[in-house]
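Subject: Handover of the structure and findings

Dear colleague,

Please find below the structure, together with its sequence.

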Amino acid sequence: MNYYIPFFLSLLILFTTVIAHEKLDSQPLPRPLILEYPEKIELGSKQVNEELQFKCSSWRIAGEANNLSPWKTIPLECADYVKNYMVGRAYIVDLEMVAKEAGDYAKGVQLSGDGKDVWVFDVDETLLSNLPYYADHGYGLEIFDHSQFDKWVEKAMAPAIDSSLKLYEELLGLGFKVFLLTGRRESHRDITIENLRNAGFRDWDKLILRALEDQGKTATIYKSEKRSEMAGDGYRIWGNSGDQWSDLLGMAIANRSFKLPNPMYYIA
């Protein structure tokens, strides 16, 4: 009987076991799944641009909803955003939406036929666009300068807002009287009439501007007082269109008010 074979097999089994054990030790044991996040996430330029876009869009919507505190200029970081909005398609579509909703509402109003059914319009950024002026003044980046704006007004070059002109003509066709209530001064009456006519507006019933006794009043108080006078004269204010909340709020408010978009400036 050969005793060397069992001995050889024993050595082979021992050697194989040692090798297998070493290989097992060399492999890391499975670990539980642990998600580790870096303390600071670095955003790429595209992500940064998107985040800024979201923030500026949120700022604009907050302004349109009258959720912002009074402000004097647009945020510096939103300069490009506001410019692109004002000169792009989005602003036009928003204007058209407001005009459409106002027109749909007006068609459902039962007019009395006594000449007392009124629609009130603001002028600047409601009927007339001052974008050519604001293009030279950062689309709201600069603090408003009355003297510089007056020089622009006196050129009588502000173009019509097309969707507002269409609504204006539609309202006249329906039988509404149109009152224009603007924060422009009485001294600009003639130039304002010239500009309105050049832009295609006709047949308004009243054009109300700030008289000397109205100077110093906030827009909300001034326009509220003028609407109260209309109501006192027996007029029914069915609709009111303006780009500022101060055009629409206060006393003797319209049955329906329609806010046009304007992220360039705020008037109290």
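Helices (H or I, at least four residues) and strands (E, at least two) are here taken as DSSP runs, numbered from the N terminus. The model is a predicted one, in which local features need pLDDT of at least 70 and side-chain atom pairs count only at pLDDT 80 or more, while totals for chains, interfaces and linings use all residues. Residues are numbered from 1 along each chain as its sequence is written, and side-chain values use heavy atoms, with hydrogens and water left out.

Overall architecture

The protein chain contains nine helices and five strands, and their order along the sequence is α-α-α-α-β-α-α-α-β-α-β-α-β-β. Of its 268 residues, 40% are buried; buried means under 20% relative accessible area, exposed over 50%, and partly exposed in between (1.4 Å probe, protein chains only). A contact is defined by heavy atoms within 4.5 Å. Among contacts between residues at least 6 apart in sequence, 71% join residues at least 24 apart.

Nonpolar cores

A nonpolar core is a set of buried Ala, Val, Leu, Ile, Met, Phe, Trp, Tyr and Cys residues joined through side-chain atoms within 4.5 Å. The largest such core has 52 residues, of which Val82, Trp119, Phe121, Leu180, Phe201 and Trp204 touch the most other members. Helix 4 gives the largest share of this core, seven residues. Val82 is in contact with Trp59, Ile74, Tyr139, Pro263 and Met264, leaving aside its neighbours within four places in sequence. There is also a second, separate core of ten residues, including Val118, Phe179, Tyr222 and Tyr235.

Cavities

Rolling a probe the size of a water molecule over the atoms shows where empty space is left. The search used a 1 Å grid over the protein atoms alone: a cavity is a set of points where a 1.4 Å probe fits but cannot get out, a pocket is an open set with protein on both sides within 12 Å along at least five of seven lines, and lining residues have an atom within 4 Å of a point. Grid points are joined across faces, edges and corners, and a volume is the space filled by probe spheres set on the points.

Two cavities of 30 Å³ or more were found in the whole structure. Because domain 1 (1-68) and domain 2 (92-259) both give residues to the lining, the largest cavity lies between them; the domain bounds come from an automatic or database domain assignment.

For the classes of lining residue, Ala, Val, Leu, Ile, Met, Phe, Trp, Tyr, Cys and Pro count as nonpolar, Asp, Glu, Lys and Arg as charged, and the others, Gly among them, as polar. On this basis the lining of the largest cavity has eight nonpolar, five polar and four charged residues.

The second largest cavity has a volume of about 50 Å³. Its lining includes Leu95, Phe121, Ser163 and Leu260. Helix 4 (89-107) and helix 7 (162-174) each supply at least two residues of that lining, and the largest share, four residues, comes from helix 4.

The largest pocket

The largest pocket has a volume of about 970 Å³. Among its 40 lining residues, Phe144, His146, Gly183, Tyr265 and Ile267 lie nearest its centre. Helix 5 (131-135), helix 6 (146-153), strand 2 (177-185) and helix 9 (219-232) are the elements that give two or more residues to this lining. By class, the lining of the largest pocket divides into 14 nonpolar, twelve polar and 14 charged residues.

Gly183 belongs to strand 2 and is partly exposed, with a relative accessible area of 38%. Not counting residues up to four places away in sequence, Gly183 touches Arg210, Tyr222 and Lys223.

Backbone points

Tyr139 has a positive phi of about 55° although it is not a glycine. Tyr139 sits in the loop between helix 5 and helix 6 and is buried, with a relative accessible area of 10%. Asp203, also not a glycine, has a positive phi of about 60°. Asp203 is in the loop between helix 8 (189-198) and strand 3 (206-210) and is exposed, with a relative accessible area of 64%.

With kind regards
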